[in-house]
Amino acid sequence: MDDPLRNKEGTKAAIAGIVGNIFLTTFNILVGIVSGSFALIAEGAHTLSDITTSIIAFIGFKIAQRPPDEEHPLGHGRAEAIAGLIIVLFLAFISYEILTQALEKILFSKFVETPSYLAAVMALIGLIINIIISRFQINTGKKINSPAIIADGKHQQTDIFSCIAILISVIASNLGFVFVDSFVGLLIGLFVLKATYEVGRDNLNNIMGKLPSQDIIDEIELVASSIHDVCGVHNVRINYFGSYATISLHVEVNPKLSLKDAHNLIHYTQRKIVDEIEIVQAVNAHVCPLGEEYDHEKYISTKLNDF
């Protein structure tokens, strides 16, 4: 995907998250106070963190869009994964606050107010908004290969389960099971904790260069091997940045090719891989004559007069 289009799509996803969560935070807390629902107030605290994480995701996305420079020759792609880890810190803090308050209410409160059905109406509105925003962000994040936008969308997705739980708690509380509201607050805290783990795991894997799947290696080998005079590839190494990847590989060629022809063939192979595999931004290929076998890990000493 072209950088201008990627930038436009990522910006729309981040702004959608920020605007939607400002609305949800304001009304979740206000309606939670008016209706007497601790679970809705807890959800308001959660959506307040969503605003912060959406802003962090947006900043990380923008930094990752910067082109390579002398200090960052491979680009700034890992800024998105770093933004994802900062989001994890906020999620961990919010989950701690919600869980401690919920446990305090369950274990020590003598009286818990029965929430009005106004809380259920707000939860239903929140459910619809969260489904729309989370799906939009996750789909956009996958489309443009943005770990930060995907992390923000998964964070938003936890609010869907929270809203469903609040709806159930309001009905149960009005049927006489008043304690359910506090337990739902506890459940929301656990949802946030689960999202914390998942977002942290995914972004750590991203920073450590874990490949999303074997498919990308298979695709590289298929594209390279389709070129005339390329007899095969090996030692494929991928430096994965989440939004893009750089590749190094050894290309096996006909040993009868001249140095000039082999040089041109390698450059053509590099360009073809970049052109046909969207996620690949740069390729560094090494030519190997077909049939020549040696240990790539060992230093090969060759005197000039051997040629």
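Biologist: In which kind of crossing, left-handed or right-handed, does α4 pass α5?

Modeller: α4 passes α5 in a left-handed crossing, a term used if the near helix is turned anticlockwise from the far one by less than a right angle, while clockwise gives right-handed. The model is predicted, with local features needing pLDDT of at least 70 and side-chain atom pairs pLDDT 80 or more, whereas totals for chains, interfaces and linings use all residues. Residues are numbered from 1 along each chain as its sequence is written, and side-chain values use heavy atoms, without hydrogens or water.

Biologist: What makes α4 roughly antiparallel to α5?

Modeller: Helix α4 (residues 118–143) packs against α5 at about 160 degrees, the axes being 8 Å apart. Angles run from 0 to 180 degrees between N-to-C directions, and axes are lines fitted to C-alpha atoms, for helices over the stretch in contact. Over 145 degrees counts as roughly antiparallel, under 35 as roughly parallel, 65 to 115 as roughly perpendicular and the rest as oblique; α4 is therefore roughly antiparallel to α5.

Biologist: Why are α2 and α6 called roughly parallel to each other?

Modeller: The axes of helix α2 (residues 38–64) and helix α6 (residues 180–207) cross at roughly 20 degrees and come within 8 Å. The two helices are therefore roughly parallel, and α2 passes α6 in a right-handed crossing.

Biologist: Which residues in α2 meet α6?

Modeller: Phe38, Ala39, Glu43 and His46 in α2 meet residues of α6 including Ile188 and Val192, where contact means heavy atoms within 4.5 Å. Nonpolar covers Ala, Val, Leu, Ile, Met, Phe, Trp, Tyr, Cys and Pro; charged covers Asp, Glu, Lys and Arg; the others, Gly among them, are polar.

Biologist: Why are α2 and α5 roughly antiparallel rather than roughly parallel?

Modeller: The axes of α2 and helix α5 (residues 147–174) cross at roughly 170 degrees, so the pair is roughly antiparallel. Their contact has seven nonpolar, 10 polar and four charged residues.

Biologist: What makes the pair of phenylalanine 23 and phenylalanine 27 tilted?

Modeller: Their ring centres lie 4.8 Å apart and their planes are at 40 degrees, so the pair is tilted. Rings of Phe, Tyr and Trp (its six-membered ring) pair if their centres lie within 6.5 Å, with planes under 30 degrees apart stacked, over 60 edge-to-face and the rest tilted. Both residues lie in helix α1 (residues 3–35), four residues apart, about one turn of the helix. Helices are DSSP runs of H or I, at least four residues, and strands runs of E, at least two, numbered from the N terminus.
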